[in-house]
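The stops below follow one another as a series of selections.

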Amino acid sequence: MSRLIERRRSRIHGNGVFATVDIPAGKKVCNYIGDIITHDAADALYADTLDTGHTFLFTLNDEYIVDGNRRGNIARWINHGCTPNCEARIAEHPGDDRRLDRVEIHAIRDIAAGEELTYNYGIRLEVPHTARLKTLWACRCGASECSGTMLQPKR
Ligand SMILES: [Zn+2]
């Protein structure tokens, strides 16, 4: 699985994840892995860093978050993109234990070897989008349709 992709420096931001081979649309690229922690635990652990704009946290469901900072894998380096070639899907476990749900990254179109992988982080903040937050969550994906921000419009 990991042979499909590798981590390299990215023009978008810091590190990125790139296809090492052609990846067909629909293929699962990897899981987003890390410790499974509660929302409260994440708030306690990362209260000081949540507003840096760059955390390795993925909301799994109403109860849990995947913490890519701890026992995370390459998926945490995938950048946000406004015209992404991948999407993150939650694979719900059939049982009652929501900790067993998984975050899967799938290709949503054919990806050529060498292309950077991106997905839409889908970040929705409860708080007003201040200038500071807009700066923190600025998008530099380079797409012609780039909205300039990772923040999704308020519903
Ligand atoms: Zn963008």
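**First stop: a buried threonine**

Select Thr118, which is buried, with a relative accessible area of 7%; buried means under 20% relative accessible area, exposed over 50% and partly exposed in between, with a 1.4 Å probe and protein chains only. The model is predicted: local features need pLDDT of at least 70 and side-chain atom pairs count only at pLDDT 80 or more, while totals for chains, interfaces and linings use all residues. Residues are numbered from 1 along each chain as its sequence is written, and side-chain values use heavy atoms, with hydrogens and water left out.

Thr118 lies in strand β10 (residues 118-119); strands (E, at least two residues) and helices (H or I, at least four) are DSSP runs numbered from the N terminus. Now display the surroundings of Thr118. Beyond its neighbours within four places in sequence, Thr118 is in contact (heavy atoms within 4.5 Å) with Ile12, Ile78, Asn79, His80, Gly81, Thr83, Pro84, Asn85 and Cys86.

Cys86 is buried, at a relative accessible area of 1%. A disulfide is taken as a pair of cysteine sulfur atoms within 2.5 Å, and the count by this rule is 0. Cys86 is accordingly in no disulfide; its nearest cysteine sulfur, that of Cys30, is 7.8 Å away.

Next, colour the open sheet, in which 3 strands run in the order β3-β9-β8 with antiparallel pairing; two strands pair if DSSP finds at least two bridges between them. β3 (28-32) and β8 (86-91) are at the edges with a single partner strand each, so one side of each has no neighbour in the sheet. From one strand to the next the twist averages 30 degrees, taken between axes that are lines fitted to C-alpha atoms, with angles running from 0 to 180 degrees between N-to-C directions. Between β8 and β9 (residues 102-107) there are 6 bridges. To view one of them, select Glu87 and its bridge partner in β9, His106.

Which protein atoms are the donors of the zinc ion? They are the SG atoms of Cys82, Cys139, Cys141 and Cys146, lying 2.3 to 2.4 Å from the ion. Donors are N, O and S atoms within 2.8 Å of the metal (3.2 Å for Na, K and Ca); water is not among the atoms, so sites may look incomplete.

The 4 donor atoms subtend angles of 106 to 113 degrees, which makes the arrangement tetrahedral, a term that requires all angles of four donors to lie between 85 and 135 degrees.

Terms used
Tetrahedral: all angles 85-135°; square planar, octahedral: opposite > 155°, others 65-115°.
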